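This briefing sets out the main features of the chain shown below.

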Amino acid sequence: MYTTYVFRSIERKERIKTPCVECGKMVTRTVTASQTLNPFNVTASGKPKTEYQIRLELPAELEKNVKWQKKNAKCKAHGDR
Ligand SMILES: [Zn+2]
């Protein structure tokens with residue numbers, strides 16, 4: 001007998017259009033930020049994060065991922081997905 005824990009993932013998505021860094025052609029990307037609600041996902045003070053805390057953190061994480069995509073987005077011509 002064992003117990004299966006199902007940890008809920010909290011996610012935020014944003015679709016962006018950004019120019020390819022090589023040729024300037026517009027590419028569309030779905031950028032996501034997600035964190036799992038589980039006992040190991042803890043705050044700086046060592047307490048498990050609540051759903052509310054995760055939801056507060058996700059916009060900043062999403063913003064970071066959007067910036068990264070804008071700096072690195074390449075179109076299919078350059079072998080990117
Ligand atoms: Zn390109």
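The expected span of a helix is 1.5 Å times one less than its number of residues. On that basis helix 1, with 22 residues, should span 32 Å, and its end C-alpha atoms lie 31 Å apart, so the two values agree. The model is predicted.

**Overall form**

- The radius of gyration of the chain is 17 Å, whereas a compact globule of 81 residues would have one near 12 Å.
- Taken along the principal axes, the box filled by the C-alpha atoms is roughly 55 × 30 × 15 Å.
- Of the 81 residues in the chain, 7% are buried.
- Among contacts between residues at least 6 apart in sequence, 60% join residues at least 24 apart.

**The strand pair**

- Strand 1 covers residues 8-19 and strand 2 covers residues 26-37; the two run antiparallel and are joined by twelve bridges.
- These strands form a hairpin, with six residues between them.
- Within the turn, G24 has a positive phi of about 85°.
- Two bridge partners in strand 2 illustrate the pairing: T28 is the partner of K17, and V31 is the partner of E14.
- In a regular strand, side chains alternate between the two faces of the sheet.

**The helix**

- Helix 1 comprises residues 51-72.
- A kink of about 30° is located at L58 in helix 1, shortly before the proline P59.
- An α-helix has 3.6 residues a turn, so residues three or four places apart point the same way.

**Residue E61**

- E61 belongs to helix 1.
- T50 lies eleven residues from E61 along the chain, and the C-alpha atoms of the two residues are separated by 16 Å.

Key: Residues are numbered from 1 along each chain as its sequence is written. This is a predicted model: local features need pLDDT of at least 70, side-chain atom pairs count only at pLDDT 80 or more; totals for chains, interfaces and linings use all residues. Two strands pair if DSSP finds at least two bridges between them. Helices (H or I, at least four residues) and strands (E, at least two) are DSSP runs, numbered from the N terminus. The radius of gyration is taken over C-alpha atoms; the globule rule is 2.2 Å times the number of residues to the power 0.38. A residue is buried if 20 or more other C-beta atoms lie within 10 Å of its own, exposed if 12 or fewer, and partly exposed in between; C-beta atoms are placed from the backbone. Two residues are in contact if their C-beta atoms, placed from the backbone, lie within 7 Å. The bend at a residue is the angle between axes fitted to the seven residues ending there and the seven starting there.
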